[in-house]
Amino acid sequence: MAEALLKSIFKKILLDWYDPAARPMPWKDEKNPYKIWISEVILQQTRVEQGWEYYKRFIDKFPDVFSLANAPIEDVLKLWQGLGYYSRARNLHKGAHQLVSNYDGEMPRSFNEILALSSVGPYTAAAIASFAYNMPHAVVDGNVIRIISRIFGIDTPFDTSVGQKLFKQLADELLDRQQAGRYNQAIMDFGATVCTPSNPKCAECPFSQDCVAFLSGKTSELPVKSKKIKKRERHFNYFVFQHQDEFLVFQRDTKDVYSGMYEFYLWEHETIISDDIIKLKIEDMLNKPVSFTKFSLNKPHILTHQRLFIHFFQFNLNHKLSLEGGSWRTLGNLKKLPVPKFIHDYMERL
């Protein structure tokens, strides 16, 4: 089939394939823009299976934008604990304040105004605009790029300015402008269930007779990415100071990862530090000989651009140590505070 003809009937083939009931999710067919916004932010860099329960808990705790805006950021971060990418939670909280202050708690009906909200990028803005208001804006994410690249045989790297413009233009061209919300949900489901990153179900694909990647044996080669991100390696050495039933903790106030969350005393290095050096460091801090119990994660904690190697060194003290910014908390109290997932897991061991 000629490319121009395929483009003209692409939306019909896709929507004929689409069955809303085939992939049930608590936010599917939702028209409340607040709930759509919450679901889309949660699903950024999160698998649907993992995000499902977080979405339900989030909506139960913060059923509307006013409850979210009025909540302390610590409560928001605590509810987000385990999802990672905590800047999403902080930006969501900030966006709720913007909606309450500037729009009386109502999601604007202008795409550009939605896009201007904190936590909202082009994909999320298109999802909110199309799902809530059926505005003709195509979602463009990894699923959509993969589908378009394979079916039309596009080998332009998607992570270049030329590629981004090309995929955006083609996504807009293929969009069913009369049923934008239904179309966007259909193409997202198609990428999640048929045109998957690995082992796509080409035998079940309604486009297989015309898919350039399938016909040329290049399914695994498309889409093309030009840049390989080199992950920065960091070693987090946590000194767990314990006095009786209390622990010394600090709130991260940097713009680094886990900002606003709580942690033990951190001594960070780019390379691993020997136990002997750790011992000398602590003895210098306490001005006396010490012993400790060590626990390290078996594998690095992976972030988008970073690999974190986590090490815990637990010291039992006979008096409380006073360090700037630190506060002593019982384990029960500490478990109520927002902490990184690996610290939560370590506390469970305690």
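Biologist: What share of the protein's contacts with a separation of 6 or more comes from residues 24 or more positions apart?
Modeller: Ground rules: this is a predicted model, local features need pLDDT of at least 70, side-chain atom pairs count only at pLDDT 80 or more, and totals for chains, interfaces and linings use all residues. Residues are numbered from 1 along each chain as its sequence is written, and side-chain values use heavy atoms, with hydrogens and water left out. Contact means heavy atoms within 4.5 Å. Counting that way, the share from residues 24 or more positions apart is 68%.

Biologist: How many helices and strands does the protein have?
Modeller: I'm going by DSSP runs numbered from the N terminus: H or I of at least four residues for helices, E of at least two for strands. The tally is 15 helices and eight strands.

Biologist: What percentage of the 350 residues count as buried?
Modeller: Buried means under 20% relative accessible area, exposed means over 50%, and partly exposed is in between (1.4 Å probe, protein chains only). For the 350 residues, the buried part is 48%.

Biologist: Is helix H1 roughly parallel or roughly perpendicular to helix H11?
Modeller: H1 (residues 3–17) and H11 (residues 180–193) have axes 9 Å apart, at an angle of about 70 degrees. Axes are lines fitted to C-alpha atoms over the stretch in contact, and angles run from 0 to 180 degrees between N-to-C directions. Under 35 degrees is roughly parallel, over 145 roughly antiparallel, 65 to 115 roughly perpendicular, and the rest oblique. So H1 is, relative to H11, roughly perpendicular.

Biologist: How many nonpolar residues are in the contact of H1 with H11?
Modeller: H1 brings residues including Phe 10, Leu 14 and Trp 17, while H11 brings Tyr 183, Ile 187 and Phe 190, among others. Ala, Val, Leu, Ile, Met, Phe, Trp, Tyr, Cys and Pro count as nonpolar, Asp, Glu, Lys and Arg as charged, and the others, Gly among them, as polar. The contact has three charged residues and one polar, and the nonpolar count is eight.

Biologist: What arc do the buried residues of helix H15 cover?
Modeller: In H15 (residues 341–349), the buried ones are Phe 342, Ile 343, Tyr 346 and Met 347. An α-helix has 3.6 residues a turn, so residues three or four places apart point the same way. The arc is that of the directions from the helix axis to the C-beta atoms. These four sit on the same side of H15, because their arc is only 145 degrees.

Biologist: Is Asp 104, with its positive phi, buried or exposed?
Modeller: Most residues other than glycine have a negative phi. Asp 104 has a phi of about 55 degrees and is found in the loop between helices H6 (87–103) and H7 (111–115). Its relative accessible area is 63%, so Asp 104 is exposed.

Biologist: And Ser 119, buried or exposed?
Modeller: Ser 119 also has a positive phi, near 85 degrees, and is found in the loop between H7 and helix H8 (122–133). With a relative accessible area of 17%, Ser 119 is buried.

Biologist: Which residue's backbone oxygen does the His 93 side chain reach?
Modeller: His 93 lies in H6 and is buried, at 11% relative accessible area. Leaving aside neighbours within four places in sequence, its contacts include Leu 68, Pro 72 and Val 76. At 2.7 Å, the side chain reaches the backbone oxygen of Ala 71.

Notes
A polar contact is a pair of N or O atoms within 3.5 Å; within protein, one must be able to donate a hydrogen and the other to accept it, and residues adjacent in sequence count only if both atoms are side-chain atoms.
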